[in-house]
Amino acid sequence: MAAQASTLELILHPLRLRILQAMTGRTMTTAELAGLFDDVAAATVYRHVNTLLDAGVLTIVSERRVRGAVERTLALVEDAAQMNAEDAAQMSEDQHRQAFTVFLAHQAAEFDRFIARDDEAAMPLFGYGQTILHLTEDDLGDVQEQLRAVLEPYLRSRGGLDEHRVSLATLLIPESTSQDD
């Protein structure tokens, strides 16, 4: 359980979560990554990148010398930052609350950054909503498999000039099965 708690603490740090999201589907140098976060000191970004490298969540895909320093190109290790059903089952209620709070705070911060940009051209790509599904556990597996198949072509940049990175968040909360509710 202690290892799970440290993994949670690693991933659920707000800046590290932003770093992981920025790295999803692409490679970047540490300097390029630090340039994305104009609200955070570069040294702070470098420190958190090193923490993620040490934990095996990020990996170095190449290095080259630039003006006497070594420039590292980084990539996200596939599924290293993902939590599966077994991991979730091992979490305490407080850990779930913490994870969910960080998730919601991260979504709110992404929303705030988007709205502050006042980017009319990006508005057609923006949206949020909620729907109710009627699923068995087997149905959920099917839905997740189909979503993976649909989303797979869009997880990596195809290099188009008109291409935009869009964050897609999902949240599944089963409603009560009690007839009294």
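This is a predicted model: local features need pLDDT of at least 70, side-chain atom pairs count only at pLDDT 80 or more; totals for chains, interfaces and linings use all residues.
Residues are numbered from 1 along each chain as its sequence is written, and side-chain values use heavy atoms, with hydrogens and water left out.

Phe 126 and Tyr 128 form an edge-to-face aromatic pair, with 5.7 Å centre to centre and 70° between the planes. Rings of Phe, Tyr and Trp (its six-membered ring) pair if their centres lie within 6.5 Å; planes under 30 degrees apart count as stacked, over 60 as edge-to-face and the rest as tilted. Tyr 128 is exposed, at 72% relative accessible area.

A search of the whole structure finds four aromatic pairs. One of them, Phe 111 with Phe 126, is tilted, at 5.9 Å centre to centre and 35° between the planes. Phe 111 lies in helix α6 and Phe 126 in the loop between α6 and α7 (137–151), so the pair ties together parts 15 residues apart in sequence. Phe 111 is partly exposed, at 35%. Phe 111, Phe 114, Phe 126 and Tyr 128 form one aromatic cluster.

Helices are DSSP runs (H or I, at least four residues), numbered from the N terminus. Helix α6 covers residues 93–117. Gln 95, Ala 99, Val 102, His 106 and Phe 114 are buried in α6. Just after α6, Asp 118 takes a positive phi of about 50°.

Notes:
Helices (H or I, at least four residues) and strands (E, at least two) are DSSP runs, numbered from the N terminus. The expected span of a helix is 1.5 Å times one less than its number of residues. Buried means under 20% relative accessible area, exposed over 50%, partly exposed in between (1.4 Å probe, protein chains only).
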